[in-house]
Amino acid sequence: MINIVMAGGLSLILTLIGTPQLIKFLTAKQYGQFIREDGPKEHLLKRGTPTMGGIVIVLATLLAYFVTHLLRWTAPSLSAMLVLGLMTALGVLGFLDDWAKISQERSLGLTARGKLIGQFVIGATFAVLALSFPNERGLRPASQFISFLRDISWLHLPFILAVIWILFLVMAWSNAVNLTDGLDGLAAGSATLVFAAFAIVNIWQFNQWCERTSTAGPRCYEVRDPYDVAVVAMALAGACFGFLWWNAKPAKIFMGDTGSMALGGALAGLSVVSRTELLLVIMGFLFVMEAGSVTLQVAYFKATRGKRIFKMSPIHHHFELLGWQEVTVTIRFWIISGICVAAGLGIFYGQWVTG
C-alpha cells in the first residue's frame, strides 16, 4: 500500500505546484485557448486562457510512478509501463493537436483524419504489445477475452479481433474524454473519481490474486501486475485532483487535447490490463453519455436533414443553452459520475461476494 499512497500523494503535490508554473509560462508565450464561435456565448470570455495543461498531468503521473519505484527500490511492471506508454503517446498526439490550434489561431487543430491515424497507430501498437510477453504463468498484460468483471469465458477472440477490440477501446475512450472536456473542471473531476475507483479495483484484485493464493477459481483474479497497476491508477487520480485546483471554475488553465486524450487512453489501458473493459462503461458512464450525445446528434441530423435532438452537443452544452449555469452543470455531472462509479464498484464487489 505504501507505493500506492506515495504515488498518489506525489502526483497531487506535483500538479498543485507545477500547474501554476506552467500557467505563467503559457501566459508569457500567449499560448491560449481558442473558443468555438457557435458555442455558448459565455465561453467566449475564456478565449486566451492557457491550454495544454495536460502536460503537467502526464509529467506528474510519470514522475510520481518512477520516483515511487526508485525510492522503494521496486521494479516497474510491464502492465504499468504499457499503460503509461499509451497515456504518454496519446498525450503527445494531443499536444500536436493543441499546438496546431495555437499556431493556426483557430479552434480546430489536426485534421480528423490525422488524429484518427495517430490514434490507430498508437492503439494498435499498445494492443499488440499488451497481447504479447506472457509471464511464467502464461498471463499477458491483456487478454484475448472480452472482459466485464473478469474475462468472459465464452467471448474469446482470435488475436486479430482482440487487437481490433483493444484498438476500438483506446480510440473510443480517448475521444470520449476529449468530448467531455468542455466545461471548467468537468473532465478532471470525473476522471479523478474513475481513476480512484480503478485503484480500489486493482487493490482488491491484488488481495484476491490467484498468484498469491495459489488457488484458481471464481474468488481469485487471473490478472497480471494488479498491485503496480493500482500505483498507476492512484498516480493518475492524484494528478487529476491536483490539476482540478487550477482547472475548476473559473479555470486558470485548460488540460487541452494533451490531457483529455492522454486520460482517455489511460482509462482504456487500465480497463484492458485489469480485465474490466465493460465495467468501465458503467464507472465511466458520464464519458459514454457525452460521446453518445454527439453520435446521436450527428446521426439524427443526417437522417432528418437538419433536425436536432439537443440544442448543442456534447450534452453539457445542451443544458447550458437550457439556462443552467456552467458550475451547476459541472457539479451535477460530477454527481452522476460519482453514482456511476459507486454502482460499478458495488457490482464488482457483489460479484466476488456471490462467487
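# Briefing: buried sites, salt bridges and helix packing

Cys-210 counts as buried, at 1% relative accessibility. The residue belongs to helix H7. The model is a predicted one. A search of the whole structure finds 6 salt bridges. Two cis peptide bonds are described below, one from Lys-249 to Pro-250 and one from Ser-313 to Pro-314.

**Around helix H7**

- Cys-210 and Val-223 are 13 residues apart along the chain, and their C-alpha atoms are separated by 8.1 Å.
- Helix H7 covers residues 210–213, and the loop between H7 and H8 holds Asp-225.
- Asp-225 has a positive phi of about 60 degrees, although it is not a glycine.
- Asp-225 counts as buried because its relative accessibility is 17%, and the cut-off for buried is under 20%.

- Asp-97 and Lys-115 form a salt bridge through their side chains, at 3.5 Å from N to O.
- This pair links distant parts of the chain: Asp-97 sits in helix H3 and Lys-115 in helix H4 (residues 112–130), 18 residues apart.
- Both Asp-97 and Lys-115 are buried.
- Asp-257 and Lys-115 also meet through their side chains in a salt bridge, at 3.4 Å from N to O.
- Here the partners are 142 residues apart, with Asp-257 in helix H9 and Lys-115 in helix H4.
- Asp-257 is buried, with a relative accessible area of 6%.
- Lys-115 is buried at a relative accessible area of 16%.

**A salt bridge from loop to strand**

- The side chains of Arg-275 and Asp-151 meet in a salt bridge, with N to O at 3.6 Å.
- The pair links distant parts of the chain, 124 residues apart: Arg-275 is in the loop between H9 and helix H10 (279–283), and Asp-151 is in strand S2 (residues 151–156).
- Arg-275 counts as buried, at 3% relative accessibility.
- Asp-151 counts as partly exposed, at 26% relative accessibility.
- Returning to the Lys-115 pairs, salt bridges that share partners join Asp-97, Lys-115 and Asp-257 into one network.

**Helix packing against H8**

- Helix H6 (residues 186–207) packs with helix H8 (residues 226–247) at an angle of about 160 degrees, and their axes are 8 Å apart.
- H6 and H8 are therefore roughly antiparallel to each other, since angles over 145 degrees count that way.
- The crossing of H6 past H8 is left-handed.
- H2 also packs with H8, at an angle of about 140 degrees and with the axes 9 Å apart.
- H2 and H8 are therefore oblique to each other.
- H2 passes H8 in a right-handed crossing.

**Backbone exceptions**

- Most residues other than glycine have a negative phi, and most peptide bonds are trans.
- The bond between Lys-249 and Pro-250 is cis, with omega at about -5 degrees.
- Pro-250 lies in the loop between H8 and helix H9 (256–273).
- The bond from Ser-313 to Pro-314 is cis as well, with omega near 0 degrees.
- Pro-314 belongs to the loop between helix H11 (285–303) and helix H12 (315–321).
- Trp-73 is not a glycine, yet has a positive phi of about 55 degrees.
- Trp-73 is in the loop between H2 and helix H3 (78–104).
- Trp-73 is exposed, with a relative accessible area of 73%.

**Nonpolar surface patch**

- Which residues make the nonpolar surface patch? Leu-14, Leu-59, Leu-63, Val-67 and Leu-71 do, over about 430 Å².
- Helix H2 (residues 54–72) gives the most to the patch, with 4 residues.
- Leu-71 lies in helix H2.
- Leu-71 is exposed, because its relative accessible area is 60% and the cut-off for exposed is over 50%.

Key: Residues numbered from 1 in each chain as written. Predicted model: local features only at pLDDT ≥ 70, side-chain atom pairs only at ≥ 80, totals over all residues. Heavy atoms only, no water. Patch = residues over 30% accessible without salt bridge, like charges linked within 9 Å, V, L, I, M, F, W, Y side chains within 5 Å. Areas by Shrake-Rupley, 256 points an atom, 1.4 Å probe, with all protein chains shown as cover. Salt bridge = Lys/Arg side-chain N within 4 Å of Asp/Glu carboxyl O. Helix = DSSP H or I, 4+ residues; strand = E, 2+ residues; numbered from the N terminus. Buried < 20%, exposed > 50% of the residue type's maximum accessible area, 1.4 Å probe, protein only. Axes fitted to C-alpha atoms, helices over the stretch in contact; angles between N-to-C directions. Parallel < 35°, antiparallel > 145°, perpendicular 65-115°, else oblique. Left-handed = near helix turned anticlockwise from the far one by under 90°.
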